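Reader: Hi, I'm new to this one. Can you show it to me and then walk me through it?

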Amino acid sequence: MSGKRGGSRESRHGARRGVTSVLPSQGAAVQRLPWSREGPAAMALPAPLPARGFELAPSPVPSPVPSPVPVPPGRELHVSGSAKLSAGPDRARVSVRLGSRKGAAGAARSSVSRRLEYIAHSARHRGVPEENMTVTEDFSRLENTYQMEAEVSIIFSDFGKMQNVCNLLTEKLGTSVTISPPHFYHTPEAVDALRRQVCVTAVANTRQKAQEVCRLLGQSLGKPLLIREEETKEWEGHTDSHQVNSPDSLTLQERIQNATAYASCRVFAVFEIKGKENRRKKLL
């Protein structure tokens, strides 16, 4: 009995020694082996895990796109410029007066009508459109006679053609017509064009002035930050000349000069300074 008991104890102790399992540490993974024919599966040693303080490396962050370097405050160029332009008259108006005084009304009308037709034909033949000719007539009776008066107003855009027409009428009609001196003037479109052109020229002069200053200092001119029109002036003829002759005794060129329109403009601008110029661009 004692031998059996001892053997049973040893067998039990042996079984205990053979089935001794190793408990995994906290957080360790345990892998079980399948049962074998000889006996129950033994517990496998846990696989080593990474230390608790280990962290995965962060994914690389794409580098940001470089933004343009802002211009530091105070890197501005303040400059002013001006321009003065002139424009000669683009229109001239000539008036041709004629009349007839007859004892019969029909004779007075016929005399004036023939000359009116010749004046209109001469102007049309030299390129004057019909809408640029205006005819006014006045018929009256003085005592026992009839008086017919007429006036033709012709607008010319070509001053050479104007002279040709006036010379022809003086040659062919003589003292039966009275031709007034031409009146030169500007159309509204011509005045507006002069105003725009002088303003644009003043801005261009201001920008050129700023470019020369930046080039002198080795800088590069940037975009305009402010453009302001400060002063504009308009006048006709020369303000510093004194008129000596009477208006009726002026020559054709003097009349054109007196009718010439002048305009001046002064602007103020602020430009950005970008920095030193690229020498490679200079070489290219």
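Author: One term to start. Buried means under 20% relative accessible area, exposed means over 50%, and partly exposed is in between, with a 1.4 Å probe and protein chains only. Gly 275 has a relative accessibility of 9%, so it counts as buried. This is a predicted model, where local features need pLDDT of at least 70, side-chain atom pairs count only at pLDDT 80 or more, and totals for chains, interfaces and linings use all residues. Residues are numbered from 1 along each chain as its sequence is written, and side-chain values use heavy atoms, with hydrogens and water left out.

Reader: Where is Gly 275 found?

Author: Gly 275 is in strand E8, residues 261–276. Helices (H or I, at least four residues) and strands (E, at least two) are DSSP runs, numbered from the N terminus.

Reader: And what does Gly 275 touch?

Author: Leaving out residues up to four places away in sequence, Gly 275 touches Arg 75, Gly 218, Gln 219 and Ser 220. Contact means heavy atoms within 4.5 Å. Gly 275 and Arg 75 are 200 residues apart along the chain, yet their C-alpha atoms are separated by 8.7 Å.

Reader: Let's zoom out. How many helices and strands does the protein chain have?

Author: Six helices and eight strands. Along the sequence the pattern reads α-β-β-α-β-β-α-β-β-α-β-α-β-α.

Reader: What share of the residues count as buried?

Author: 26% of the 284 residues in the protein chain. As for contacts between residues at least 6 apart in sequence, 77% join residues at least 24 apart.

Reader: What pLDDT does the protein chain average?

Author: The average is 80, and 67% of the residues score at least 70. pLDDT is the predictor's confidence in each residue, from 0 to 100. Over residues 1–44 the pLDDT is below 50, and this stretch has 20 contacts in the model beyond near neighbours in sequence. Residues 51–57 are also below 50 in pLDDT, with one contact beyond near neighbours in sequence.

Reader: Now helices. At what angle do H2 and H3 pack?

Author: At about 150 degrees, with the axes 10 Å apart; H2 covers residues 105–125 and H3 covers residues 159–173. That angle makes H2 roughly antiparallel to H3. Angles under 35 degrees count as roughly parallel, over 145 as roughly antiparallel, 65 to 115 as roughly perpendicular, and the rest as oblique. The axes are lines fitted to C-alpha atoms, for helices over the stretch in contact, and angles run from 0 to 180 degrees between N-to-C directions.

Reader: Which residues meet there?

Author: From H2, Arg 115, Tyr 118, Ile 119, Ser 122 and Ala 123. From H3, Val 165, Leu 168, Leu 169, Lys 172 and Leu 173. The residues of this contact divide into seven nonpolar, one polar and two charged. Ala, Val, Leu, Ile, Met, Phe, Trp, Tyr, Cys and Pro count as nonpolar, Asp, Glu, Lys and Arg as charged, and the others, Gly among them, as polar.

Reader: What about Ser 110, where does it lie?

Author: Also in helix H2. Ser 110 is partly exposed, at 32% relative accessibility. Its C-alpha is 9.0 Å from that of Ser 100, 10 residues away along the chain.

Reader: Switching to strands. What does Arg 97 touch?

Author: Arg 97 sits in strand E2, residues 91–102. Not counting residues up to four places away in sequence, Arg 97 touches Ala 150, Glu 151, Ser 176, Val 177, Thr 178 and Ser 180. With 42% relative accessibility, Arg 97 counts as partly exposed.

Reader: One for the loops. Is Glu 143 buried or exposed?

Author: Exposed, at 72% relative accessibility. Glu 143 is in the loop between strand E3 (133–142) and strand E4 (145–156). Its phi is positive, about 55 degrees, although Glu 143 is not a glycine.

Reader: Last one. Where is Gln 208 found?

Author: In helix H4, residues 188–216. Gln 208 is partly exposed, with a relative accessible area of 45%. Gln 208 and Gly 81 are 127 residues apart in sequence and 9.2 Å apart in space, C-alpha to C-alpha.
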